[in-house]
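Please read it beside the sequence and the structure shown here.

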Amino acid sequence: MKKRGYMTGRSMAALALAAVMAVSMTGCGGAKAGGDATQAAEAKTDGTESKKGSESGGEVLRVGVLPLSVGVPAQYAADQGWFEEEGLNVSLEYFATGAPVNEAIAAEELDIACSGFASIYSLANADCVWLADVNTTGGMGLYARSDSELVAAGKNLTEEPDIYGSAETLKGKQILEPLGTAVQYMTECYAAKFGLSPTDVEQVNMEYASAFQAFQTGEGDIAAMNPPYSYQMEDLGYTKVCSFEDATGVNMCDGSFARREVVENRSEDVAKFVKCLVRAMDDLQDENTRYEYTKKFYTDNGQDFTEENLKKEIEDRKYVGTAFMSRDGYKLGEAWLAITDFLVSAEKIVADNAPNVEKSIDSTYVSEAAGITIK
């Protein structure tokens, strides 16, 4: 795979630590739309800035969250006073992406995290337990300029009628994206649809905000985007050549995981935390409640958004509350297994560590919180 710069010193440090952990990539999430992702990261990626969770007198439960959909329920539960009701002393610590969350988990600076795609690397290391799915991850896509040869090639895949492109028009194209995130997985699955390998395209490492801006100035042939940037790409007239779901064939969920030591030694606290998390996700099923609270949450955390794009995100990213978990066929963390297979084949997770991912998924706590039996 061809990889170019655009990495901050902080990003380089994150990758170095990941290598020590036998993981070659980390990361997820984004920063202020239309702004400087590095500036946002400087304020929050080290996890030293925490927000009030609860003030109970027990041992502090340190919870890392992202200022994205996956972080909303934990902060909502804190603001409702539910952690305190349960006797928990929760400290919410904010991170710009999933990479430093993994670092903090590995360094035992966090007990629990609410994160995204990068979580899989912590699960593969056999040190963590997947506790709950929090939200679906709809809204991601690959975007090209409408006059590009990729779009002109049309839709040529019989089994994937919504995907644009061909092997000839995709090969050698430059794709702007944050490496180590769900969108890189999307990119490489998209290339595979045309029989291409990751080395057949040039993946350029950029945070979402930087990639969004660079693409508008003419850089790159394709931009891999996550909400709210994906919605802005559509508003600007770019063509979505592929969605995450069409490229990968899986419906991924962001969610919550904990260090195994915490689960073993503080099982009651973990159960109470998951109970509050599920309660928050159930409360946020009300669209007005979710819209108004998320609007405040994003404003407080420096996320730019429009009312229209926030409504799109709410439509695309469902919270996995009790009703969602009660659906026929629902299985906790199901997408992780397919993603693990891909990452092993791409040599991004060591094959010997792959079984750890499935073993890390524990439905005990979310089953108890929802009052139903979950696989």
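Helices (H or I, at least four residues) and strands (E, at least two) are DSSP runs, numbered from the N terminus. The model is a predicted one, in which local features need pLDDT of at least 70 and side-chain atom pairs count only at pLDDT 80 or more, while totals for chains, interfaces and linings use all residues. Residues are numbered from 1 along each chain as its sequence is written, and side-chain values use heavy atoms, with hydrogens and water left out.

**Overall fold**

The protein chain has 20 helices and twelve strands. The protein chain exposes about 14,800 Å², of which carbon and sulfur atoms supply 45%; accessible areas come from the Shrake-Rupley method with a 1.4 Å probe, and for residues only the protein chains shown count as cover. With a contact defined as heavy atoms within 4.5 Å, 82% of the contacts between residues at least 6 apart in sequence join residues at least 24 apart.

In helix α10 (residues 208–216), the buried residues are Tyr208, Ala209, Ala211, Phe212, Ala214 and Phe215. Just after α10, Gly218 takes a positive phi of about 105 degrees.

Helix α14 (residues 267–283) includes Ser267, which counts as partly exposed because its relative accessible area is 32%. When residues up to four places away in sequence are not counted, Ser267 touches Val262 and Tyr365. Ser267 and Tyr365 are 98 residues apart in sequence, yet their C-alpha atoms are 9.0 Å apart in space.

**Salt bridges**

A salt bridge is taken as a side-chain nitrogen of Lys or Arg within 4 Å of a carboxyl oxygen of Asp or Glu, and the structure holds 16 of them.

| Pair | N to O distance |
|---|---|
| Arg279 and Glu85 | 3.4 Å |
| Lys193 and Glu160 | 3.1 Å |
| Arg266 and Asp269 | 2.9 Å |

Arg279 and Glu85 meet in a salt bridge; Arg279 lies in helix α14 and Glu85 in helix α4 (residues 82–85), so the pair ties together parts that are 194 residues apart in sequence. Arg279 is partly exposed at 39% relative accessibility, whereas Glu85 is exposed at 55%.

Lys193 forms a salt bridge with Glu160, and this pair links distant parts of the chain, with Lys193 in helix α9 (residues 182–193) and Glu160 in the loop between α7 (149–152) and α8 (167–170), 33 residues apart. Lys193 is partly exposed, with a relative accessible area of 29%, while Glu160 counts as buried at 19%.

In the pair of Arg266 and Asp269, Arg266 is buried at 11% relative accessible area and Asp269 is buried at 18%. Both belong to a network of salt bridges that also links Glu59, Arg62, Asp111, Arg259 and Glu261.

Notes:
Buried means under 20% relative accessible area, exposed over 50%, partly exposed in between (1.4 Å probe, protein chains only).
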